[in-house]
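Please look over the model shown here with its sequence.

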Amino acid sequence: MKRMSERILQSSDHTTSSDDYCWTTKNLMNLETLLEIGTMGAGHATTALSDILHERIIVEVPRLHTAPPHLVPKIYNRHDQPTTVVYMQLRGELDCDIMLAFEVPEAKKIAALMTVARSPAEVDPALEKSAIEELGSIMICAFLSAMADFAGVQLVPTPPQLIVDSFDAIIDGFLAKQALVSDIALIFDTGFKRSGSSAEGTIVLFPSLELQELLIKKSQKWLT
Amino acid sequence: MTDKLDSTSGLDMKENIGPYTWTAGKCMNLGILLELGSIGAGHAATSLSQVLQEPISIDVPKIHTLPSHLVPKFYAKHDKPTTAIYIQLGGESECDILLLFDLEEAKKIAALMTMASSPAEVDPVMEASAIQELANILIGAFLSAMSDFIGVKLVITPPQQVVDSFDAIIDNFLVKQALVSDVAIIFDTHFKRTTGDASCILMMFPSKEIQNILVEKAKTWLDDDATKVDKSKIICTTDTSVDISTAAKSENNARTEG
């Protein structure tokens, strides 16, 4: 199994053999680069959400997780919570799974706001599904276009898919994909909250090694 | 068990996040520690080179943040006979610093230091003393570079020598960190004599307290530096205002003369 750090966190640094948990100035900078690109995307995505709902959105500090895949459900600690997820994937060679996750009641409330319904119970289920998918499409595309503009690449996503399941069941599939190629999962996420609600939404990105490599390379070129 | 993620390493400071999660703030804290370590490592390598009168090559300094039980696997030196010199920071902020040599390499270095013609000729007592002195010099250089930089007093205990297998030596220090965190934080850097093939490792096991102190001090140092720049700007502006007023005066004078 090829170690992640050899491939990306140390990309273009072949002289030092290294481990997934070992930080030099160089791979720390790569980590910060990915975090920064993610932060930009998250900013755009939440702005889009704020535009749609005409509401203030509070954004949490964006985070990057580098953990063994089996520990990731523990980091989120949401295990069996029913979750509504809009899932999109990048098309082409650069694989990347992106999901927008809401707690089920929060998704209903947002759908009601979008369809100008008086209460969440009044929304037609088909319409609710469509509204949430649309929201996911808008936010994820805002995220991707910020990233694509920065890196100067084309990132075209698939149409949105809606999943309602327990949180761990949903992320397991994405984690398995990363676990096939690396001992360590690299996940970017940002939490955000409507100012009128206590429930949190999350954007989670599972970038493939190729995408990580590309983003780091492009931004290094951009910096120099 | 590493599966318990609620106890965190010191690096995240006040942010309440797990050991595997990175925010911009935590990245910066780790970067600061790494940079401080690099400064110290440079000085230590220089003093080693001066003692041995030989060029020393130095590896990229690294910080490891990994579950304690994986550390021996990471170094993969398991039962290798190792000479280690152990120095601890005095005061409330605990920090263990180790200088590790292969047993044979330590003998060779002792021979070089005592001007003996071969490692076999060196008296064992003399050898122990020489190696301890070397570690004292190196670790002293390492710490004084760090303390000069951030302006904090770091006082050390006398050096102690240990000869044992590699894993047995580092286990003790890992246990200490494992008591307070799931993830061990280790700074290390490798030195190599150009004529020898064995490398020497300088390892630091910083406690949470010392991590916090170092990061906080370095940050205030950065802030001070920023204010210094501001002050010089202010001086510049007053200077130009003086210039303008004198220019205005001379103009006025010219007018009155005219």
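The sections below treat the interface, a helix, the salt bridges and a proline in turn.

## Basis of the report

This is a predicted model, in which local features need pLDDT of at least 70 and side-chain atom pairs count only at pLDDT 80 or more, whereas totals for chains, interfaces and linings use all residues. Residues are numbered from 1 along each chain as its sequence is written, chains are lettered from A and ligands numbered from 1 in the order in which they are written, and side-chain values use heavy atoms, with hydrogens and water left out.

## Interface between chains A and B

Contact (heavy atoms within 4.5 Å) joins 24 residues of chain B to 24 residues of chain A. The size of an interface is often given as the accessible area lost when the parts come together. Here the buried area, which is the accessible area (1.4 Å probe) lost by two parts on being put together and summed over both, is about 2100 Å², with 69% of it coming from carbon and sulfur atoms.

On the side of chain B that touches chain A, strand E1 (21-22), helix H1 (24-52) and strand E3 (62-67) of chain B each supply at least two residues; helices (H or I, at least four residues) and strands (E, at least two) are DSSP runs, numbered from the N terminus. Strand E1 (residues 22-23) of chain A pairs with E3(B) in the antiparallel sense over 2 bridges, where pairing requires that DSSP find at least two bridges between the strands. Cys22(A) stands opposite His64(B) in E3(B).

## A helix of chain B

Helix H4 (residues 124-150) of chain B has 27 residues, which at 1.5 Å a residue should span 39 Å, and its end C-alpha atoms are 39 Å apart, in agreement; the expected span is 1.5 Å times one less than the number of residues. Just after H4(B), Gly151(B) takes a positive phi of about 70°.

## Salt bridges

Arg78(A) and Glu200(A) form a salt bridge through their side chains (3.8 Å, N to O).

## Pro82 of chain A

Pro82(A) lies in strand E4 of chain A and, leaving aside neighbours within four places in sequence, is in contact with Glu103(A), Val104(A) and Asp165(A).

Technical notes:
A salt bridge is a side-chain nitrogen of Lys or Arg within 4 Å of a carboxyl oxygen of Asp or Glu.
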